[in-house]
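Please read it with the sequence and structure open beside the text.

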Amino acid sequence: MQLLGAHVSISGGVSKAVERAEKLGFTAMQIFTKNNNRWFSKPIDETEAERFRLLLKNSQIKFVVSHSSYLINLCAKNHDTLKKSRASLIDELNRCEILNIPYLNFHPGAHGGQGEKEGIKIIAESINIAHSETKNFQVKSMLELTAGQGTNLGYRFEHIAEIIDLVKDKNRMAVCIDTAHIFAAGYDIRTPEAYEKTMSEFDKVIGLDKLKLLHMNDSKKELGSRKDRHEHIGKGFIGLDGFSNIMNDKRIRNVPKILETPKGKEQTEDIENLKTLKSLIK
Ligand code: ZN
Ligand code: MN
Ligand code: MN
């Protein structure tokens, strides 16, 4: 059985997310461990952390990932922003560790005119600093492929491979494919041939063993547009055929798949989108 779910709100406390995901029938979920528009938050109290871990253990949710704050830029040109980003990443890793969350997913960073090579070097340095400040942690650092808007790095498989190459503790690195992002970045997945080409390139450049999560989003923007706009499954430029290629790929059957598509408070859209994904399995 494939692990499927969506991003879930932690409003009312992190443990509430487990209850929400369980009610929606998810087997995988993604959360922010704090307000995603803040640099720092008060520490998670031990009672709430324990409640989260216990509820999770007794639930049908078999995979949890945390998405970092959007403010973090691990290769920020501004020195203060870089310093804050590095401290914030360490804080996020700590929160994951307390909650027993195995992966912290984050975007590599935007170089802001410093150039791609330099940006990649700074990102790797940021990750190395974070790892040395969180020695022996179980949580892994997960790099998400991006659409490449503005000066955002991570829109080429090579960027991710180069960052991992410069990270000392490679065992702590994992990768997330966001379907809308890679499509906007120019990697086609719509036909079996295009999908095969993209996946074998991923395997050659990064390695499929590093792929630990898929963000399942259709794209409001065209192939190669470098614009990051998520759409409901089958309603965007990727279309159902693209998602069928993924859902039926045996190599990644055990990789959890999580929606980040538009939704209201009740998340009925998520239920619909998951139904669509499941219907594609042959
Ligand atoms: Zn993301
Ligand atoms: Mn994503
Ligand atoms: Mn996005």
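Predicted model: local features only at pLDDT ≥ 70, side-chain atom pairs only at ≥ 80, totals over all residues.

**Pockets and cavity**

In the lining of the second largest pocket, six residues are nonpolar, eleven are polar and one is charged.

**Second largest pocket**

- The volume of the second largest pocket is about 290 Å³, and of the 18 residues that line the second largest pocket, Tyr70, Ile72, His107, Thr146 and Asn152 are the closest to its centre.

**Largest pocket**

- The largest pocket holds about 770 Å³ of space, and among the 30 residues of its lining those closest to the centre are Ser9, Ile10, Ser11, Gly12 and Arg20.
- Helix H1, which spans residues 14-23, provides five residues, the largest share of the lining of the largest pocket.
- Sorted by class, the lining of the largest pocket consists of seven nonpolar, eleven polar and twelve charged residues.

**Cavity**

- When the whole structure is searched, one cavity of 30 Å³ or more is found, and the volume of the largest cavity is about 30 Å³.
- Ile177, Thr179, Ile182, Ile189, Tyr195, Met199, Leu214, Ile246 and Ile252 form the lining of the largest cavity, to which helix H6 (179-184) and helix H7 (192-205) are the elements that each give two or more residues.
- The lining of the largest cavity is made up of eight nonpolar residues and one polar residue, with no charged residues.

Terms used:
Residues numbered from 1 in each chain as written. Chains lettered and ligands numbered in written order. Heavy atoms only, no water. 1 Å grid on protein atoms, 1.4 Å probe; cavity = no way out; pocket = protein on both sides within 12 Å on 5 of 7 lines; lining within 4 Å. Points joined across faces, edges and corners; volume = space filled by probe spheres on them. Helix = DSSP H or I, 4+ residues; strand = E, 2+ residues; numbered from the N terminus. Nonpolar A, V, L, I, M, F, W, Y, C, P; charged D, E, K, R; others polar.
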